[in-house]
Amino acid sequence: MANAALKEEIFELDGMDPEKVKEEMLSAYPTKVARKRAKQIIVNKVEGEDVPIIQSNVRTVPGLIGQRGCCYAGCKGVVLGPTRDIVNITHGPIGCGFYSWLTRRNQTDATTTPDGHNFMTYCFSTDMQDEQIIFGGEKKLKQAIQEAYDNFHPKAIAVFATCPVGLIGDDVHSVCKEMKEKLGINIFGFSCEGYKGVSQSAGHHIANNQIFKHVIGNDDTVKDGDYKLNLLGEYNIGGDAFEIERIFKKCGITQVASFSGNSTIDAFANAHTADLNLIMCHRSINYVAEMMEKKYGLPWIKVNFIGAEATAKSLRKIAAYFDDPKLTEKVEAVIAEELPEVKKACAEVLPRTKGKRAMLFVGGSRAHHYQELFNELGMETLSAGYEFGHRDDYEGRKVLPGIKVDADSRNIEELKVEADPEKFKPRKSPEELEKLRSCGLEFAGYEGMMPEMKNGSLVIDDISQHETDTIVEAFKPDLFCAGIKEKYSIQKHGIPLKQLHSYDYGGPYAGFKGAVNFYKEIDRMVNSKIWGYLKAPWQTNPELAATYAWD
Amino acid sequence: MNNLAIKKEEYTATKNACKLCTPLGASLVFKGIRGAVPLLHGSQGCSTYIRRYLISHYKEPIDIACSNFAEETAIFGGGANLKIALENIRRQYDPELVGIATTCLSETIGDDVPMFIREYKDMCEGQELPPIVHISTPSYQGTHMQGFHGAVRALVEGVAEKREQDGRINLFPGMVSPADLRHLKEIMKDFGIPFTMLPDYSDTLDGPLWTEYQRIPPGGTPVEEIRAAGSALGSIEFGSVLAMEKESAGRSLFKKFAVPCHSMGLPIGVDETDRFFNTLSSVSGKPIPAKYQEERGRLLDSYVDGHKYVIEARAVVYGEEDLVASLVQFLKEIGVIPVLCASGGRSGHLQKIIAEMIPDDEQKNIRILENADFTDIESMAEELKADLIIGHSKGYTMSRRLNIPLIRIGFPVHDRVGGARIHHIGYRGTQELFDRIANTLIEARQNASSAGYTYM
Ligand code: SF4
Ligand code: SF4
């Protein structure tokens with residue numbers, strides 16, 4: 001018996017000992033760095049409720065070339081970027097604003113709002129010069145806000161601070177307040193200097209806080225429609241939100257607000273009138289859901305619209321929550337109508353994708369969500385990790401109480417939120433909630449990525465370029481998923497890389513139609529004939545070499 | 001002093017900028033040194049953004065390390081972080097050179113990077129260290145071009161030595177494409193002249209697939225050749241705006257080692273390319289290879305044949321100042337009117353340079369914008385009724401809105417493949433540009449015509 005247990009301890013990953021691969025990755029580092037990284041590179045081993053601890057949301061070691069961006073990128077680029085009718089002004093030197101100008105492929109449909117405002121194609125920057133660094137930039141910022149107002153007459157203007165701003169002591173909040181009073185539109189600022197926190201994640205939190213403080217709850221109008229909900233943490237890359245909206249509509253579900261794919265500020269302001277929050281990307285937006293629950297009383301559930309089965313499951317969760325046979329019936333009808341085509345598309349590619357091996361290193365939720373699609377394709381995930389996830393994203397929210405708050409996280413404001421004396425309204429009675437729970441609907445819960453991964457797979461947080469090269473060399477996976485920065489180095493090895501930030505100009509991949517797109521795309525990628533041309537004939541066949549000899 | 005108009009409306013904010021930030025230019029240069037790793041001193045956002053931006057144009061692996069400032073680093077200084085970064089880079093990459101560029105953050109707090117480097121070298125006493133070159137690149141003082149030229153200068157100042165003269169020529173090509181760099185190398189080889197070309201990212205940023213793993217992509221100017229730059233016969237430095245600046249790599253080599261420096265515009269068009277070949281020939285004492293005489297002949301032949309399609313077309317040109325100046329020279333040569341010449345740079349020299357190129361009576365048709373952004377460019381392009389836009393891919397939105405075709409050149413080109421392979425210089429590069437311009441105009445007419453011409 002003891003022997004059998006021992007035997008199970010030795011994991012094999014693709015015929016290799018994952019611990020050995022880990023050792024190899026660490027061998028290039030000085031001892032201190034290796035020790036730190038060892039806690040962020042984990043061989044998965046889930047036993048019942050026990051999930052291994054993975055260190056995450058900690059600083060990247062200087063000189064390790066990683067994937068992460070900065071706080072500003074998370075705030076302006078990720079969370080606020082997809083909202084079309086807020087003019088975003090980057091307060092700082094030109095680069096930060098320029099590099100976040102339309103680089104995320106968020107789509108939006110401005111024809112659905114009467115004013116047709118869409119400022120996403122604009123990149124406003126105060127373009128700080130020497131003078132502002134020395135004497136301060138508040139005056140220039142005020143002028144920039146005034147110009148944005150004169151040019152566009154927008155409903156709202158948001159100001160984002162970059163690194164130098166915090167250091168020279170500009171107070172973006174007081175400038176915004178002053179201009180808000182002067183111009184009579186909503187103007188608010190974000191202290192999202194790039195050096196705050198350890199990654200984009202800090203910026204998400206700051207963005208959540210400010211939207212919550214300055215926008216949500218500003219408009220109490222209760223709009224028409226049944227089954228009202230908000231979708232949080234969906235950014236409409238490649239049109240994902242459009243597909244999800246299509247499905248909602250078909251089911252008769254009313255989406256009040258989206259945070260923040262295809263979104264508008266008016267919808268944010270009205271979001272608290274919905275009855276349920278759905279969370280897609282837990283990492284970037286769980287704060288808003290938590291705060292809305294406390295202040296307004298609408299609960300949240302975790303969903304995932306990546307993967308056809310996952311989409312069906314998420315729809316059923318929504319139906320269970322509203323607990324109305326009419327909705328349940330509709331949802332089942334929609335699933336029954338949509339699934340056959342998806343299944344057919346999957347069956348077509350399955351013989352070619354089955355057994356292929358993938359690795360996913362991306363974001364704070366996609367490395368998890370996309371494993372669903374790979375499962376559907378019969379592909380195995382050898383290794384995965386987040387760029388800016390926290391322990392709860394890996395191990396599940398149950399570890400939250402045990403997470404030590406370090407100096408970097410402490411610097412990010414935690415808003416104190418209380419129930420609103422007038423607007424707080426529990427959507428379900430305690431009994432109803434209990435009943436739903438007992439039927440398996442989990443509120444405010446997220447299992448995390450590791451419990452859903454095989455034992456023995458490698459989970460790597462904040463992977464470095466060197467580690468990436470090492471695992472790719474070791475395993476030669478059939479597909480690697482990451483972003484543009486990794487794309488071409490992986491492809492130099494002859495392994496295709498699927499971008500899961502920007503989708504390589506493709507998409508949507510969410511929902512039912514998205515799944516079909518994804519199947520086809522992955523089939524094309526892992527079965528492309530290109531990879532067969534890697535070696536020239538005279539390199540693989542010595543006989544031929546003779547005939548090609550030049551002498 | 002002339003008829004050239006400056007910016008028409010002064011805005012405070014920059015809307016849709018037509019320039020990039022300083023350390024990007026420096027990083028690009030360091031990517032053109034063999035075995036080098038660029039290191040940005042600041043927080044990780046800048047290096048990530050810059051990597052992403054360069055990679056989506058070149059479509060090649062580009063590793064740029066960072067000293068990863070945290071909040072307290074921003075307060076107490078980045079010395080410790082820089083040293084850790086250097087140590088880790090050496091362990092992982094065993095580089096032949098480390099190129100450090102600062103960011104706005106480390107500049108704002110006033111980090112003394114040269115001192116940190118000295119301290120690091122002391123720490124590593126007895127160990128063999130690669131050259132560590134540093135350039136200060138605050139983006140609030142310039143654009144990516146200051147970073148580019150500054151890094152080239154920092155490299156020769158930090159590495160070049162006086163040695164026995166070996167007949168070599170230094171070539172400082174400026175921010176041209178990998179295809180351009182490859183062409184320059186071909187020219188130098190055909191001439192049979194030993195040379196130092198700095199930088200040379202023709203292989204590192206446009207390389208083949210690998211059959212085995214490479215820690216750092218192969219290619220680039222060897223450090224040894226930068227050393228030898230101090231003993232060259234002469235330097236050739238492209239960039240007409242650069243030629244008017246106080247400092248440059250070529251001028252620095254002249255001051256320090258008395259290597260004569262020949263400044264000229266980027267060799268686009270017959271005139272500037274002639275000048276380049278003549279200079280090469282006179283400095284080296286070698287004749288111009290017949291191959292290039294033939295290329296020149298073919299180019300002129302195509303000018304004659306294609307002239308009627310391009311003459312008097314009205315073009316909007318934007319990009320780096322050096323590039324814009326040289327394009328104007330070329331457009332003038334083929335009879336295209338550069339009705340708007342714009343750049344996000346603001347050296348203050350562009351206007352003068354263009355004024356000198358263009359005779360007085362033609363100047364009234366031309367507008368020049370320095371420190372321009374795309375809002376300025378677009379409103380003026382509309383007013384000037386341009387037929388053609390020539391510049392990088394950030395002009396696409398404007399081209400779409402105004403329904404004026406865009407010819408993509410320079411950097412960045414993010415919405416097409418092959419940005420690295422766009423060829424701009426020499427007779428052959430000019431030929432490619434000329435054909436693209438003529439064909440774009442023909443296509444526009446073809447599309448607009450009700451006759452549906454299929455034969456010319
Ligand atoms: S802070 Fe400066 S160096 Fe960094 S991205 Fe912004 S402009 Fe560029
Ligand atoms: S300067 Fe700061 S805010 Fe700007 S890109 Fe760099 S890290 Fe981000």
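# Briefing on chains A and B

Ser260(A) is located in strand β7 of chain A, which covers residues 254-260. The model described here is a predicted one. In it, Ser260(A) is joined to Phe259(A) by a cis peptide bond.

**Where chain A meets chain B**

- On the chain A side, 69 residues are in contact with chain B, and on the chain B side 60 residues take part.
- Between them the two chains bury about 6100 Å², and 61% of this area is on carbon and sulfur atoms.
- Within chain A, the residues that lose the most area to chain B are Ile65(A), Tyr99(A) and Lys492(A), which together account for 14% of what that side buries.

**Helices α2 and α20 of chain A**

- Helix α2(A), residues 18-26, packs against helix α20(A), residues 465-475, with the axes 9 Å apart and an angle of about 140° between them.
- This angle is why α2(A) counts as oblique to α20(A): a pair has to be over 145 degrees to count as roughly antiparallel.
- The two helices α2(A) and α20(A) cross in a right-handed sense.
- From α2(A), the residues in the contact are Val21(A), Glu24(A) and Met25(A).
- From α20(A), the partners are His466(A), Glu467(A), Thr470(A), Ile471(A), Ala474(A) and Phe475(A).
- Sorted by class, the contact of α2(A) with α20(A) consists of five nonpolar, two polar and two charged residues.

**Helices α7 and α10 of chain B**

- In chain B, the axes of helix α7(B), residues 144-159, and helix α10(B), residues 249-257, come within 8 Å of each other and cross at roughly 25°.
- The pair α7(B) and α10(B) is therefore roughly parallel, because the cut-off for that label is an angle under 35 degrees.
- The crossing of α7(B) with α10(B) is right-handed.
- Helix α7(B) contributes Val152(B), Arg153(B), Val156(B) and Glu157(B) to the contact, while α10(B) contributes Ala249(B), Ser252(B), Leu253(B) and Lys256(B).
- Four residues of the contact between α7(B) and α10(B) are nonpolar, one is polar and three are charged.

**A covered helix in chain A**

- Helix α4(A) spans residues 71-80 and is mostly covered, with 10 of its 10 residues buried.
- Among the buried residues of α4(A) are Cys71(A), Cys75(A), Lys76(A) and Leu80(A).

**Two loop residues of chain A**

- Met453(A) sits in the loop that runs between α19 (430-438) and β12 (458-460) of chain A.
- Met453(A) has a relative accessible area of 6% and is therefore buried, since the limit for buried is under 20%.
- Leaving out residues up to four places away in sequence, Met453(A) touches Asn44(A), Gln371(A), Thr381(A), Ser383(A), Ala384(A), Leu458(A) and Val459(A).
- Between Met453(A) and Phe190(A), the C-alpha to C-alpha distance is 37 Å, and the separation in sequence is 263 residues.
- His153(A) belongs to the loop between α7 (138-152) and β4 (156-161) of chain A.
- The relative accessibility of His153(A) is 48%, so this residue counts as partly exposed.
- Apart from neighbours within four places in sequence, His153(A) is in contact with His117(A) and Ala148(A).
- His153(A) and Ala34(A) are 119 residues apart along the chain, and their C-alpha atoms are separated by 54 Å.

**Backbone geometry**

- Most peptide bonds are trans, and most residues other than glycine have a negative phi.
- The cis bond between Phe259(A) and Ser260(A) has an omega of about 0°.
- In chain B, the peptide bond from Leu198(B) to Pro199(B) is also cis, with omega near -5°.
- Pro199(B) lies in the loop between β7 (195-197) and α9 (223-228) of chain B.
- Tyr505(A), which is not a glycine, has a positive phi of about 65°.
- The loop that holds Tyr505(A) is the one between β14 (497-499) and α22 (511-526) of chain A.
- Tyr505(A) counts as exposed because its relative accessibility is 53%.
- Lys59(B) is not a glycine, and its phi is positive at about 55°.
- Lys59(B) is placed in the loop between α2 (44-58) and β3 (65-66) of chain B.
- With a relative accessible area of 18%, Lys59(B) is buried.

Definitions and conventions: Residues are numbered from 1 along each chain as its sequence is written. Chains are lettered from A and ligands numbered from 1 in the order in which they are written. This is a predicted model: local features need pLDDT of at least 70, side-chain atom pairs count only at pLDDT 80 or more; totals for chains, interfaces and linings use all residues. Side-chain values use heavy atoms; hydrogens and water are left out. Axes are lines fitted to C-alpha atoms, for helices over the stretch in contact, and angles run from 0 to 180 degrees between N-to-C directions. Helices (H or I, at least four residues) and strands (E, at least two) are DSSP runs, numbered from the N terminus. Angles under 35 degrees count as roughly parallel, over 145 as roughly antiparallel, 65 to 115 as roughly perpendicular and the rest as oblique. A crossing is left-handed if the near helix is turned anticlockwise from the far one by less than a right angle, and right-handed if clockwise. Contact means heavy atoms within 4.5 Å. Ala, Val, Leu, Ile, Met, Phe, Trp, Tyr, Cys and Pro count as nonpolar, Asp, Glu, Lys and Arg as charged, and the others, Gly among them, as polar. Buried means under 20% relative accessible area, exposed over 50%, partly exposed in between (1.4 Å probe, protein chains only). Buried area is the accessible area (1.4 Å probe) that two parts lose on being put together, summed over both.
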